[in-house]
Amino acid sequence: MIDLRSDTVTKPTPEMFDAMMSAKVGDDVFGEDPTVLELEAKGAEILGMEAAIYCPSGTMTNQIGIHILSSPYEEVVCYSGAHIYRYEGGGVAGTSGLSFRLIDGDRGRLNAREIEAQINPNDIHYPKTSIIELENTVNKGGGCYYTLAQIKSINAVAVKHGLKMHLDGARLFNALVETDEKAADYGQYFDTISICLSKGLGAPIGSLLVGSQALINKARRVRKFMGGGMRQVGYIAAAGLYALENNIPRLKEDHKRAKALEEALHKCSIVESVLPVDTNIVIFKLKEQHKVSETLELLKKKGILAVGFGPHEIRLVTHLDFDDAQLEQAIAIIKSL
């Protein structure tokens with residue numbers, strides 16, 4: 001079975017597993033796990049920021065990041081399909097007491113002009129706009145990405161209006177291997193950045209929230225009340241450390257295979273259209289007479305697991321456990337639909 005539901009389905013490689021088994025550990029809640037401390041320092045250094053905190057999931061790092069940048073009854077400006085809005089269980093409203101100002105953007109990429117137009121005036125009838133949240137790459141946008149020049153222009157709006165900026169960088173490194181920009185240049189434009197270690201980078205669990213030392217000190221308190229305090233967690237932090245040190249350049253391979261799937265889908269008779277493939281996410285729309293549920297079941301019977309991604313859309317995601325042999329098999333299955 002070829003599992004293309006997400007890049008979260010990967011298993012540790014033998015080398016990653018060896019790193020996990022040989023990890024030095026301590027009690028992370030007491031700040032005594034050496035492997036976690038090394039991972040956090042590495043993540044902060046890569047992104048050009050002061051400090052980081054290790055958490056079980058990207059949902060938690062996003063939720064903490066938004067929480068420490070805001071106060072209740074304020075508003076977050078973000079993409080209408082953003083992960084923090086659609087796929088985090090309403091956490092921003094429940095945990096932080098915030099509302100959303102939603103923008104469609106260009107496949108989820110927002111620009112400075114449309115963001116500035118949505119900032120509320122200083123009027124007691126409106127929630128105070130406090131945070132601009134971006135997603136890179138954009139999941140619902142088919143893995144499209146921002147350039148640093150685009151982010152710089154948005155940051156200028158944030159500075160002008162005194163707003164904070166949070167980046168959901170769950171697949172940030174997928175963007176960076178395409179733009180050839182430096183991860184360290186991101187730190188100057190965001191107050192907090194969340195990066196996921198268990199998606200394209202292939203670790204079994206974990207995300208980092210990166211920011212200033214003062215913000216990460218606040219984040220530790222929030223992680224505790226969210227139940228994210230972990231003990232001898234260095235065994236899995238070692239996988240994240242291995243991923244950062246070894247699995248970033250190979251993301252290009254995932255992107256190449258995703259482009260091959262895009263090409264095959266364009267020739268498939270049941271497919272209406274395919275979003276342009278920029279990284280490792282492939283989203284295609286079925287012709288009206290074909291149902292998502294039935295097509296998913298057909299794909300499963302033929303050997304591919306995928307997910308529904310809208311009324312007529314299906315998503316495929318390439319990853320390090322999807323090799324060239326499976327790519328050939330997947331293309332053959334697509335041709336047979």
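Author: Start with two terms. Helices (H or I, at least four residues) and strands (E, at least two) are DSSP runs, numbered from the N terminus. Two strands pair if DSSP finds at least two bridges between them.

Author: Next, the ground rules. This is a predicted model, in which local features need pLDDT of at least 70 and side-chain atom pairs count only at pLDDT 80 or more, while totals for chains, interfaces and linings use all residues. Residues are numbered from 1 along each chain as its sequence is written, and side-chain values use heavy atoms, with hydrogens and water left out.

Reader: Which residue is the bridge partner of Ile283 in strand 13?

Author: General idea: strands of a sheet pair through backbone hydrogen bonds, either parallel or antiparallel. Here, Ile283 has Arg315 as its bridge partner. Their strands are strand 10 (residues 281-286) and strand 13 (residues 313-317), which pair in the antiparallel sense over five bridges.

Reader: In what order do the four strands of that open sheet run?

Author: The order is 9-10-13-12, with antiparallel pairing. Strand 9 (271-274) and strand 12 (307-308) are at the edges. Each has a single partner strand, so one side of each lacks a neighbour in the sheet.

Reader: What does helix 12 touch?

Author: Contact means heavy atoms within 4.5 Å. Helix 12 (residues 292-302) packs on the sheet and touches strand 10, strand 12 and strand 13. Its direction makes about 35 degrees with that of strand 13. Such axes are lines fitted to C-alpha atoms, for helices over the stretch in contact, and angles run from 0 to 180 degrees between N-to-C directions.

Reader: Is strand 5 mostly covered or uncovered?

Author: Buried means under 20% relative accessible area, exposed over 50%, partly exposed in between (1.4 Å probe, protein chains only). Strand 5 is mostly covered, with seven of its eight residues buried. Strand 5 pairs in the parallel sense with strand 3 (residues 74-79) over four bridges. Glu74 stands opposite Lys128 there. Strand 5 also pairs with strand 6 (residues 164-169), parallel, over five bridges. In strand 6, Leu167 is the bridge partner of Leu134.

Reader: Which residues touch the most other members of the largest nonpolar core?

Author: In soluble globular proteins, nonpolar side chains tend to be buried together. A nonpolar core is a set of buried Ala, Val, Leu, Ile, Met, Phe, Trp, Tyr and Cys residues joined through side-chain atoms within 4.5 Å. The largest here has 75 residues, and Leu47, Leu134, Phe173 and Tyr186 touch the most other members. Helix 10 (residues 234-246) gives the largest share, six residues. Apart from this core lies another, of 27 residues, including Leu4 and Val277.

Reader: Where is Gly142, and is Gly142 buried or exposed?

Author: Gly142 is in the loop between strand 5 (128-135) and helix 7 (148-161). Gly142 counts as buried because its relative accessibility is 0%. Beyond neighbours within four places in sequence, its contacts include Arg107, Leu275 and Ile283. Gly142 and Val277 are 135 residues apart in sequence, yet 6.5 Å apart in space, C-alpha to C-alpha.

Reader: How many helices and strands does the protein chain have, and what share of its residues is buried?

Author: The protein chain has 13 helices and 13 strands. Of its 337 residues, 55% count as buried. Its C-alpha atoms fill a box of roughly 55 × 55 × 35 Å along the principal axes.
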